[in-house]
Amino acid sequence: MDIQGWTFLIVGLSFALYLGIAYMARAASTGDFYIAGGKVSPLANGMATAADWMSAASFISMAGLISFMGRDGSVYLMGWTGGYVLLALLLAPYLRKFGKFTVPDFVGDRYYSRTARIVAVICAVFISFTYVAGQMRGVGIVFSRFLNVGIETGVIIGMVIVFFYAVLGGMKGITYTQVAQYCVLIFAYLVPAIFISMLMTGNVIPQLGFGGTLADGSGQYLLERLDGLSTEMGFDPYTDGSKSTIDVFFITAALMVGTAGLPHVIVRFFTVPKVKDARISAGYALLFIAILYTTAPAVAGFARANLLETVDNAPYADVPEWFTSWENTGLIEFNDIDGDGNINYTPDESTNELVIDPDIMVLANPEIAQLPNWVIGLVAAGGLAAALSTAAGLLLVISTSVARDLIRRTFVPDITQQRELLFARVAAGGAVIVAGYFGINPPGFVAQTVAFAFGLAAASFFPVILLGIFSKRMNKEGAICGMIAGIVFTAAYIIYFAFMFPELNNSENWLFGISPEGIGTLGMVINLVTAITVSRFTKEPPLEIREMVETIRVPRDLEKGSGRGDG
Amino acid sequence: MFSFDIIGEDSTAFYMKTKAQQYWRQNLIYLALLLAIWFVVSYGAGILLVDWLDQFRLGGFKLGFWFAQQGSIYVFVILIFVYVYLMNRLDKKFEFDEV
């Protein structure tokens, strides 16, 4: 069977699986819809969290980005995994003990304030929308590359699938489809990685092959060859960094803290039965994520070495077949400036003849390793699984924020459960349509918006939740001032450099040499300092709030027994 | 007798409170310890000391590079499982474990 046939078959089967699971896991109550009834096993929640977290960007783009950034790519590797340590140790168990349904729930109740709740709702919706637009776009791109349909058709197919299981099943449907999606995406990522590792280093495990010797009999280490080739062609050595230490530090911290503050990740820890389940499921989640995140830099290294060896002053006439086939998609562009018929790939823009889209590093792997056609179909299904699972988790946050945090808890407190569930479904449906619209007509600043989402999560949710748990003295005045100061500072910095004056966006103009990607860290510090200072000069929180903080700090209430409030 | 009852109740409440405080203090000690390791492997070995560590090697890896792209992630995973183990033990010791 040809590539197209295999892709249709595997993608079709995986979609049928997701829809089947969604039908079996329909939501019957608001509890099912928001938190899957709180009955998800820790292992299943770990897988679902991993799929929820790993998006089209992790699956398709990350390895490619790293292969072009070399050691600097570690900001993504450490930043998008280290946040789980913060989440597991500082947030997840206590939020589970708190036992409500959403992040704005916690912020609103802990700070006994409607204003705080509304600020939290706005942040949650904004963060989730910026994120979800990119996911729908990712679905469209995978469809158009592998199945030769237009990006728009691809986005619409993705919308229909997500609509079906997010609207019907809510969190319950999403959780079990995410478990299946994790299995699909990790298998699809590992198969080509293992084959490439064997091909280049003779080692079955990519993480070890990455530090191993080449299989070509030279006995040279892969990374040594890679450094050698890079310097020979005028690039920085692969294992050296070019970003400043302070910027690497701040970007890593912003991504870590942002990860721990993303509402669609936090909410997953509300779905397990007990506090100790929340702890262990964060461990499983990071383990499942780490499988991909430790493979990605290996894939990046293999792909980079392979690419440099292929194009290093090679005659254009002799390039392998995969090179030509990806040229047809526009992801590789060759322009013979000096007319000598050889490929001249250098960092110098005036003589460089080759432009490569980073996404190709994952997408072209199966062809580079000459794997059978079904593997290519598998990679397509994996990319779709990654994008759909993240999109569904984000859409649920949006729908919950609207139905529960705004309608029920802010404006119509006496709404019946059935009507609230209906509102939640309508909100989920509306969110799918808006996300699809942005997927088809992407705003021109998708790349910056990701920095935006993480920066805002870092500067708003993380500090406010952290203080809510670890400081009994923190009151509503402190929390609201802190959130506003953090958000305004972070948003202003990013808007200034990314949207208003992009021409000034370089290290000479940055505050302390921190790029907009890393500014969320400073926003977080500002939030913390403001909140603590203001709270010291204002009234301490009421007694029942201080008692609530005491209860969430222990897994079981000895007097009353642990029970989940009805909210 | 009457006053004795009141003292009894008070001391139970007091006992509960100090128990929860001791539990919380021990929890904070674990957090400080684990987060210190978390900081050292990522921000320390992977960022601040990366160039210095690169003079050592781990197979084909320069050590700083390995921490930045592999080692820190392995340590993160281990840290969470150690935390789970420590906290489950602590829950049992203070009888806060859920039934």
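# Exercises on a predicted two-chain model

The buried residues of helix 4 of chain A are A:Ala56, A:Ala57, A:Ser58, A:Phe59, A:Ile60, A:Met62, A:Ala63, A:Gly64, A:Ile66 and A:Ser67.

## Exercise 1. Helix 4 of chain A

*Solution.* 

1. A residue counts as buried when 20 or more other C-beta atoms lie within 10 Å of its own.
2. A bend of about 45° occurs in helix 4 of chain A at A:Met62, and A:Met62 is among the buried residues.
3. Just beyond the helix, A:Gly70 adopts a positive phi of about 65°.

## Exercise 2. Two packed helices

Describe how helix 20 and helix 22 of chain A pack, and state which residues meet.

*Solution.* 

1. Two packed helices are described by the angle between their axes and the distance between the axes.
2. For helix 20 (residues 461-470) and helix 22 (residues 519-536) of chain A, the angle is about 40° and the axes are 9 Å apart.
3. The crossing of these two helices of chain A is right-handed.
4. Helix 20 of chain A contributes A:Phe462, A:Pro463 and A:Leu467, which meet A:Met524, A:Asn527, A:Leu528 and A:Ala531 of helix 22 of chain A.
5. The residues of this contact comprise 6 nonpolar, 1 polar and no charged.
6. In helix 22 of chain A, the buried residues include A:Met524, A:Asn527, A:Leu528 and A:Ala531.
7. An α-helix has 3.6 residues a turn, so residues three or four places apart point the same way.
8. Helix 22 of chain A has 18 residues and should span 26 Å at 1.5 Å a residue; its end C-alpha atoms are 26 Å apart, which agrees.

## Exercise 3. Two loop residues

Classify A:Tyr112 and A:Val204 as buried, partly exposed or exposed, and locate each in chain A.

*Solution.* 

1. A:Tyr112 lies in the loop joining helix 6 (103-110) to helix 7 of chain A.
2. With 16 other C-beta atoms within 10 Å, A:Tyr112 is partly exposed.
3. Its phi is near 35°, a positive value in a residue other than glycine.
4. A:Val204 occupies the loop between helix 8 and helix 9 (206-209) of chain A.
5. A:Val204 has 11 other C-beta atoms within 10 Å and is exposed.
6. Apart from neighbours within four places in sequence, A:Val204 is in contact with A:Ile194, A:Ser197 and A:Met198.

## Exercise 4. Chain B and its partner

Outline the architecture of chain B and the side of chain A that touches chain B.

*Solution.* 

1. Chain B contains 3 helices and 2 strands, in the sequence pattern α-α-β-β-α.
2. Of the 99 residues in chain B, 32% are buried.
3. Between the chains, 43 residues of chain A are in contact with 37 residues of chain B.
4. On the chain A side, the elements giving two or more residues are helix 5 (74-98), helix 10 (222-232), helix 11 (245-261) and helix 13 (275-311).
5. Helix 13 of chain A gives the most, with 12 residues.
6. The residues on this side of chain A divide into 22 nonpolar, 13 polar and 8 charged.

Note on methods. Residues are numbered from 1 along each chain as its sequence is written. Chains are lettered from A and ligands numbered from 1 in the order in which they are written. This is a predicted model: local features need pLDDT of at least 70, side-chain atom pairs count only at pLDDT 80 or more; totals for chains, interfaces and linings use all residues. Helices (H or I, at least four residues) and strands (E, at least two) are DSSP runs, numbered from the N terminus. A residue is buried if 20 or more other C-beta atoms lie within 10 Å of its own, exposed if 12 or fewer, and partly exposed in between; C-beta atoms are placed from the backbone. Two residues are in contact if their C-beta atoms, placed from the backbone, lie within 7 Å. Ala, Val, Leu, Ile, Met, Phe, Trp, Tyr, Cys and Pro count as nonpolar, Asp, Glu, Lys and Arg as charged, and the others, Gly among them, as polar. Axes are lines fitted to C-alpha atoms, for helices over the stretch in contact, and angles run from 0 to 180 degrees between N-to-C directions. A crossing is left-handed if the near helix is turned anticlockwise from the far one by less than a right angle, and right-handed if clockwise. The bend at a residue is the angle between axes fitted to the seven residues ending there and the seven starting there. The expected span of a helix is 1.5 Å times one less than its number of residues.
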